Amino acid sequence: MEENEVFSQLFAIVEQYYREQRSGTFLDYHNPEELTNLLQLDDPEGKENWENLFGWVDKYLRYAVKTNHPSFVNRMWSGASLPTVIGEIVTAISNTSACTYESAPVSTLFENYMIDRMLDIVGFTGGQGQMTTGSSNANMIAMMCARNLYDPAVKEEGVSRGKLVAYVNADAHYSMDRAANILGLGLKQLVRVPVDHRGRMDVDILAQRLAETEAQGRQPFFVAATAGTTVRGAFDPIEPLLPLRARYGFWLHVDGAWGGATVLSETLRRRYLPGLEKADSFTMDFHKMLGSSLICNILMLNRGENMLRSSLAAGDGSYLFRDDGEDGLLDLGPSSLQCGRRVDSLKWFLDWKFYGRAGLAARIERFLELCGYAEQCLGRHPELEQMAPRESFNLCFRYRWPEAEANRFNLALRTRLYQRGISMIGCAYVEGRLLLRLLITNVSVDEGHVERFFADLVGAGRALAAEWMAGTSA
Ligand SMILES: *Cc1c(COP(=O)(O)O)cnc(C)c1O
């Protein structure tokens, strides 16, 4: 094969994969040893042979998890939307870094255009934003801006031990702990506030902790509301936090990695995010429910237009940044954690132009409706028990089994569903109890798939139960 045939070959493979990605099982499972043999990783290298290369592509696609399959319901994302896949391909072929206007003029304007659309929607008038490598980094940058604001010497002088204290929902994402670690706050200064029975941060307890911190002469500098917790899908109410912010003066961040997508729908925003426009910062992932290909995220700040730059810029970037010229003023790199920056804006831009805000909002509303339907199905299976009230897009349940062995049984059931290619469902421990977590983020999933998902799960559960009772498998 010649180089000029590469694309037609590639697109033939891609097209076939795309057509078949929702049929058959979502996975042809092999254990690591078997898979190593099947892949024949030691096949000769260095031949510069395109047929060989496509052989590897074939193997990859044959044994990979088909994330666009309706049985893939365990992550906050699934197969990417087609406009963003096109964006990825164009981004790859025109490989550049979105750190300066010079090297990425179009994407710089795309990125700023999309940030302005989102600032407008969120209601951060006169704010600023940037696309980051995900909510993990966005949470860290928000915490860092807050730290630099409350302890301005820290950027030059290092961390003031124990002076700054941050607060998050007890179920907040682990990226908050990582941020506290990386920023030198000390993990003890990250307070996980207990939640109510719906998984929302208990504001009365938060108020007590804030008062204690202040009485100790320390500064509560950062409170993060989670808009859609990772396991239970709870939304911390933002409005009750506003008087506390007025009293203690902290930075109020909203981690909307998962549930922040509701901002695109007027009805869901009213229900889940009242008060958001008054927060100091907000992050949301386009690469979860909204279906962009990984990675695609935005962080927005509501603190004027220089906050990111003053907090992040450091070191001599004169070899790269042309802030002496007119173009250079648009450079996105000086206020970014990264030097090389992927052109993530193109994916989001194409999705936005293709589906429009209304189309994306309808997608989120539909996921919520389907999750409600899943809850009804769950109620029709006496073998299953719901493990947490459903707040939004997450449905937590388990297969009924005597408490002492319930975790082990449900883990075995989950493994069986995965290895037999039936479905891939998430799991998590809440208060020591293993629960299964259904997440629907795939636009091809409908009510029929949801019914079948539960029927298959219960079928596998019954078979496993029979084996356990007969003592044939442990
Ligand atoms: C997924 C998630 C994150 C991490 O986001 P990434 O974009 O994967 O880094 C942070 N917070 C919450 C609540 C999440 O669900």
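Which side chain does S265 join through a polar contact of 3.2 Å? Select S265 and look for T267: the side chains of these two residues make that contact. Keep in mind as you click around that this is a predicted model.

While S265 is still highlighted, check where it sits. S265 belongs to the loop between β6 (251–256) and α11 (266–272). With a relative accessible area of 1%, S265 is buried, because the cut-off for that is under 20%. Now show its contacts, leaving out residues up to four places away in sequence: S265 touches A361 and E365.

Next stop, the ligand. Select it and bring up the shell: 16 residues surround the ligand, and the closest are S135, S136, D255, D285 and K288. Colour that shell by class and you get three nonpolar, ten polar and three charged residues. Which helix gives the largest share of the shell? That's α6 (residues 135–150), with three residues.

Start with S136: an N or O atom in the S136 side chain is 2.6 Å from a ligand oxygen. Then go to H287, where a polar side-chain atom lies 3.1 Å from an oxygen atom of the ligand. K288 also has a side-chain N or O atom 3.1 Å from a ligand oxygen. Switch to a surface view here: on its own the ligand has 380 Å² of accessible area, and the protein covers 87% of that.

UniProt, in an unreviewed entry, lists K288 under "modified residue: N6-(pyridoxal phosphate)lysine". In the model, K288 is found in the loop between β7 (281–285) and β8 (297–301). Is K288 buried or exposed? K288 is buried, since its relative accessible area is 15%. To see what it packs against, hide its neighbours within four places in sequence and pick M76, W77, A257 and W258, which K288 contacts.

Last stop: R416. Select helix α14 (residues 403–419) and find R416 within it. This arginine counts as buried because its relative accessibility is 12%, where the cut-off is under 20%.

How values were computed:
Residues numbered from 1 in each chain as written. Predicted model: local features only at pLDDT ≥ 70, side-chain atom pairs only at ≥ 80, totals over all residues. Heavy atoms only, no water. UniProt positions renumbered as here; feature names shortened; annotations may be inferred. Helix = DSSP H or I, 4+ residues; strand = E, 2+ residues; numbered from the N terminus. Buried < 20%, exposed > 50% of the residue type's maximum accessible area, 1.4 Å probe, protein only. Contact = heavy atoms within 4.5 Å. Near = heavy atom within 4 Å. Polar contact = N/O pair within 3.5 Å; in protein donor to acceptor, adjacent residues only side chain to side chain. Areas by Shrake-Rupley, 256 points an atom, 1.4 Å probe, with all protein chains shown as cover. Nonpolar A, V, L, I, M, F, W, Y, C, P; charged D, E, K, R; others polar.
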